[in-house]
Amino acid sequence: MTAITVRPGRLRDVAEEIERSTGLRVQIIGGTLVMSPTPRGKHAGTVQVLRDQLIPQLPKDLRVYENSSIYMPDDEDDYATPDLVVFPKGWGDEDEWLADPADVVFALEVISTSERTSGITAKTEWYAIAGVAVLVAADPRDGTWTLYTHPRDGEYQGVLHGKYGEPIPLTAPLPAELQTTELPIYAPRR
């Protein structure tokens, strides 16, 4: 993952051009362009395992979406694109590409092999400031997960850490828990 700081202005225009010309996934977190390569198989596998658990257990008015971006209230440039997000069913009928964070029921971020701690912290703070109710960060680098809930004043008040093999406890309208025994772990870096 690469981060580039650009002068404030129409960062979205720059981000969209980078995505079009390079194929990199681009987000704007706290005024910084954050570019990620296309996810690896195990990254996508993590998303698939959790998506497949969520879909049959959600109420009929909620749906699971991938590659849907969320805007930061009060900042026309900032947006994040979680790996997986649960929105009301109507999101699939929208022409907009940026969703209101108040509509997010659940967001998933799968940590990439190259992500640094500072980038993970910045993203987590971004989601808390935006008011995303439930965030799960799955880390295939070391087989751990973190559940963040109850955002207030730019911080998550509820933080629970666990290891793959331990279920992630959730509350309604989400399923009671997500199983993590099938989540893949990245091969050691050489």
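Helices, of at least four residues, and strands, of at least two, are taken here as DSSP runs numbered from the N terminus. The model discussed below is predicted.

One cavity of 30 Å³ or more is present in the structure, and the volume of the largest cavity is about 60 Å³. Its lining consists of Glu109, Ile111, Glu115, Ile120, Lys123, Thr124, Tyr127, Leu135 and Ala137. Two elements, α3 (117–130) and β10 (134–139), each give two or more residues to this lining. Helix α3 supplies the largest share, namely four residues. In terms of class, five of the lining residues are nonpolar, one is polar and three are charged.

The packing of nonpolar side chains comes next. The largest nonpolar core comprises 25 residues, and those that touch the most other members are Leu54, Val86, Phe106, Leu108, Leu170 and Leu174. Two or more residues of this core come from each of α2 (41–57), β4 (62–65), β7 (84–88), β9 (106–110), β10 and β11 (144–152). The largest share, four residues, belongs to α2.

When neighbours within four places in sequence are left aside, Val86 is in contact with Leu54, Leu58, Leu62, Arg63, Val64, Asp103, Val104, Val105 and Phe106.

Note on methods: Residues are numbered from 1 along each chain as its sequence is written. This is a predicted model: local features need pLDDT of at least 70, side-chain atom pairs count only at pLDDT 80 or more; totals for chains, interfaces and linings use all residues. Side-chain values use heavy atoms; hydrogens and water are left out. On a 1 Å grid over the protein atoms alone, a cavity is a set of points where a 1.4 Å probe fits but cannot get out, and a pocket is an open set with protein on both sides within 12 Å along at least five of seven lines; lining residues have an atom within 4 Å of a point. Grid points are joined across faces, edges and corners, and a volume is the space filled by probe spheres set on the points. Ala, Val, Leu, Ile, Met, Phe, Trp, Tyr, Cys and Pro count as nonpolar, Asp, Glu, Lys and Arg as charged, and the others, Gly among them, as polar. A nonpolar core is a set of buried Ala, Val, Leu, Ile, Met, Phe, Trp, Tyr and Cys residues joined through side-chain atoms within 4.5 Å. Buried means under 20% relative accessible area, exposed over 50%, partly exposed in between (1.4 Å probe, protein chains only). Contact means heavy atoms within 4.5 Å.
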